Structure formats: structure tokens, C-alpha cells
Amino acid sequence: MILGLDVGGTHTDVVVIDGDQVVGKTKMLTDEDNLIESVCFSILECTGDLDPQDIQRVVVSTTLATNAIVQKRMPPVGIVVVSGPGMNPDEYRIGEHYYPVTGAVDHRGMVIQAIDPQEIDILRTRLKNAGVERVAVVGKFSTRNPAQEQEIAHLLADAFPTVVMGHSVSGQLNFPRRIATAYLNAAVAPMSGEFYRAVQTCMERRGLMIQLEILKADGGTMAQERSLQYAVETILSGPAASIMGALPHADPHREEIVLDIGGTTTDMAVLVGGVPLLEPRGISIGGYKTLVRALRTCSIGVGGDSWVRLEKDRLEIGPERKGRAVAYGGPEPTPTDALITLGAATGGHRQRAAEAMRRLGYQLKTGVEETAAMVVEKTCSLIMEGVGRMVDSINQQPVYTIHELLEGRQISPEGLIIIGGPAEELALPLQSMSGWSVKVPPHHEVANAIGAAIARTTCEVTVVADTEKGYVCVPEEDYVASIDRQASTQEVIDLAFGLLKSKAFRLGADEDDLEMELLEVQEFNMVRGFSTVGKNIRVRTQIKPGLISHYREAAA
């Protein structure tokens, strides 16, 4: 059996899957003031009748780090930048503790200017006096040679509990994005680590003595201990869980929209022939452009608990949430109250919901049921407007799926896959409004947790080889070795796949789900005078995001 856990801002979902069956599921309100107890109670509630020895895998997805970034609730982070000549590092400044320092590595990885240890020592004192406890160290060409990042990190290590190096968070070139990625990783790593350790403790209290796995933004998973080093890869794991939970229901011959309608937001994504779209360069979040590889998603502030009110004689819904629906003791009317009033949804206190619609209708000069119908129609209208904006945005750029670039492809959706709490109740009006076919999967209310549970382990490896200098390195793995001057591109590709396989096993991958592929190959001849003296070869490989094959049927 495997267990999936999705901790959202409104609900915490847990499922247990045994073979091709969902044998347990729980959906409970998240207590933001006592988050860990919410998690512990949800796990206990879902697994109460089960022998914990039978559960072999637990995967969690959460919006914790995402919300911290979006809401600017991050601790101060010191950023030490080694830019070298030819650029102004202040153009990429983040925060008030940003310090360019002496040192430089060229594009081939050669050190052309040494760092100044005294300068780092002075900087260390300045950051400590400012109360900074987390530091990111980023060099412009550190992915070709990480020595200076490592040297600075070594000089700072005993003074700061968290020191992140840029080459560790991504093997790709793009200095500004690597600065932002390292910064976010340093900011969210302690918070994420504390949360995951607390979840692990909850599991152990229940007798689940196995290592927790974390869902990443690309829809894959990694082991908890690795997530402490790559915490930034786990942001947007909540929307990724939505997509993975919808995948078993996708049509391989059509383009479809996934809608995860939650309490506060609706997360959206596009499937092309049953395959999710990808942000190939990296996601943008909270104003930061990163190198974090992620499934392409979009969120709007409309959900079942969104605040419904009248502003300047106009009916407005969201993006704020004032609490639970009035039917469940909340203070302000919501779309959930409208659905309960119309009898489309059950649960809660129907009379209170109707009273909330009556008060709203008094301002609109409409009856109770007419008001409720207007709220439902407006909710669906806002969701479909969001879908339209997302599709227009995708069609203005190259379309990448997790498998390939679809050159010149224009997205034309024909169907909706709707998951989340109010999925069944909103399916009919959304179908009428869009004119598309609509699917509401079984267990739709906990589809996120299912998606987390059945996602397989993924990872990437970037290999850079310089045959003239006779070395090969994998920056994000701190791997450096010698290589024959006559080495071919195919030998570097073989090395990349070997290292990728080893990394996948360390992260918790299963032999049966190692679907590896080549993402990028570049080869440049290095010429001196009139002779070729070597090659610069760059190779990037990945484990494809996807579902664990033998559990796929459980979600279908």
C-alpha cells in the first residue's frame, strides 16, 4: 500500500492505495494555527483500520513554501555574488543583503581572478551583525567550475546554519535565474525542512517507520533528506499534484484542461494528448524568475470559499477568502453557500446558507435562489475567463510538453477534467458555459493526494566535458573526473545516463520506472591556430515525470 498526503491552505487530503483500489481517504479542514496537528489527525483518521506495516510509501505535497514566497513571508537571506568582469551584478540585486565580491571564472571554467578571503571574512561579520542566518553563494560560471563557490561556502559554513551554492541548485547557465533560485532555496529550506520533519514524526507516531518522499514542481518525487538540499524544487507541488491526479483520466487524442477547484483558488493546467505542459526554462513565482523545472500551471483566486460581496453594484467573488462558508459557521457568503442553497451540494447548515443569499439578494434586489444562481454563474464565468487567459498566453509562446517541443502548436481544448471539493456541483454549469465535454473522476475530492501518491521519482543530470583540459563535471552533483582527450559525445551521453540512474536510485526511484531520456546535446570544437585541440560537450538527461505504472489503475 502507498499513502498520499496533500496539505493545502483550506483542506488536508489523505488517501491510501492498495494495488488498483483506493482503500482509505480523508478530507479535513486545515487548521493553519495548528498545521502539524491537522496533518497528524488526518493521517490517523485515514489509516486507523490499517496495519501500518503494510504501507510502503508516503508522499506529501504542500503549498507551504509557495505561500511563503508569494506572500513575502521569507526570512532575510545574504547573497554573495561572484560575477567577474563584463557585467554589472547590481542589475540582479535581490533584497538588502546582496554583496558582489572579488573573483571570476571564465566560460570554460578557468579561474581568472582569485577570491579575497579577507573580503569574505569582513562580509561574514557584516551579515552576522545584521542577524542574517541564511546565505546563498552564486558564481557566474560556477556550473563550469564550482571551486570558488565551494571556497566561499567553506569560509562561511561555521557561521551560518544554511549556506546554499548556486551550482548545487541547477546545472544550467543563466546567472540571474541561478541567483534567484539559490536565494529562494536558502529562504525556504529551513521552513520546509521543519515541516517535513514534523510530518515524519506524525508518521512515526502512527507506526509508519519509512522515509517520507516529497512531490516536486515537475510532478516527480524525491526523498525527504534530499529535499533539504533542493527545497526550491518542491514549490508549486500542490498544483503538480492536481495534474498527476488527473492524468489517469486524460484522453490521449485530445487537448484538455485540468481544473482543481479548491477552497481559495482554482489551479489550471493543459494536457496535450494526455501529456502535461512544462515550463522548460523555469517557473516565475512571487516576481522571481527561477531555474526550477515545473509543470505549467496557472492559479486564479476563485474557489468554493471565496468571499462573495457587492461592490459598486457589481457582484464580486474572490480573490480573498474570509473563512469557511456561512453554512459551516463562516462570516461571509461564498459560492459553497450558493450551491447548498440551490440543493446542488449537501452538508453544512442549509438555512444559514440561504440566509446569507437572502442578505446578498436584498442588495441585488433579487430572490434567494435567483441570487444563488447568479453566484454560481459568476463563479463559473470567472473560472472560464481564467482558462481563456491561460490558453491565450500558452498560444503566444512555444509549447513544451514534458516529452517534447511542439513546434507551432496552437492549443484548442475540447474537454475539462474537474477535481476538487465542488467539482461535481460545478461540472454541469461549466459544461454549459464552455460547450466542452466534462469529466469528474472518482475520488475527485482527494485527487491531489492520489496524484502525490502515484507520482514516480524524477531527476536531471547536466554533464559538461572539456576534452582539451581533460576533465568532466556534473555541477549539481559535485562530480568532477578526468576524461580522455579523444572522448566522443556518445561516451559523455553514456556517462550522463549512468550518473542519472545512480542519482535516481539515491532519490528513491524504482527500477521499473526509470524512463530516461536525452534533453539536450551540444558539441563545440575548440580551435587554436588552424587546429582542433579539443571539444566542449554539454549533455542534459532526465527521468521523465509520470505515474508509477502498477498504481495507475487505482486513480482511473
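**Notebook: one predicted chain**

I began with burial: buried residues make up 57% of the 556 residues in the protein chain, where buried means under 20% relative accessible area, exposed over 50%, and partly exposed in between (1.4 Å probe, protein chains only). The model is predicted, so I noted that local features need pLDDT of at least 70 and side-chain atom pairs count only at pLDDT 80 or more, while totals for chains, interfaces and linings use all residues. Residues are numbered from 1 along each chain as its sequence is written, and side-chain values use heavy atoms, with hydrogens and water left out.

**Whole chain**

I counted secondary structure next and got 15 helices and 31 strands. Helices (H or I, at least four residues) and strands (E, at least two) are DSSP runs, numbered from the N terminus. The radius of gyration is 25 Å, close to the 24 Å from the globule rule for 556 residues, so the chain is as compact as a globular protein of that length. That radius is taken over C-alpha atoms, and the rule is 2.2 Å times the number of residues to the power 0.38. I also took the span of the C-alpha trace along its principal axes, which is about 85 × 50 × 50 Å.

For contacts (heavy atoms within 4.5 Å), I looked at pairs at least 6 apart in sequence; 65% of these join residues at least 24 apart. The chain exposes about 22,900 Å², and carbon and sulfur atoms supply 48% of it. Accessible areas come from the Shrake-Rupley method with a 1.4 Å probe; for residues, only the protein chains shown count as cover.

**N145**

I found N145 in the loop between β9 (134-139) and α4 (147-156). N145 counts as buried because its relative accessibility is 19%. A polar atom of its side chain lies 2.8 Å from the backbone oxygen of G109, and a polar atom of the N145 side chain lies 3.0 Å from the backbone nitrogen of A147. A polar contact is a pair of N or O atoms within 3.5 Å; within protein, one must be able to donate a hydrogen and the other to accept it, and residues adjacent in sequence count only if both atoms are side-chain atoms. Leaving out residues up to four places away in sequence, N145 touches V105, G109 and V111.

**T26**

I moved to strand β3 (residues 21-29), which holds T26. T26 is buried, at a relative accessible area of 9%. Its side chain reaches the backbone nitrogen of C46 at 3.5 Å. Beyond four places in sequence, the residues that T26 touches include D13, E45, C46 and V446.

I located C202 in helix α6 (residues 175-205), buried with a relative accessible area of 4%. Not counting residues up to four places away in sequence, C202 touches I36, V39, C40 and I43. I also checked C202 against A455: they are 253 residues apart along the chain, and their C-alpha atoms are separated by 22 Å.

Helix α13 (residues 447-454) is mostly covered, with eight of its eight residues buried. Among them are N448, I450, G451 and I454.

**Backbone geometry**

Most residues other than glycine have a negative phi, and most peptide bonds are trans. I listed the departures that I looked up.

- G318 and P319 are joined by a cis peptide bond with omega about -5°. P319 is in the loop between β22 (314-317) and α9 (335-341).
- K365 is not a glycine, yet has a positive phi of about 60°. K365 is placed in the loop between α10 (350-364) and α11 (368-395), and counts as exposed at 76% relative accessibility.
- D478 is not a glycine either, and has a positive phi of about 55°. D478 is in the loop between β28 (471-474) and β29 (479-482), and counts as partly exposed at 41% relative accessibility.
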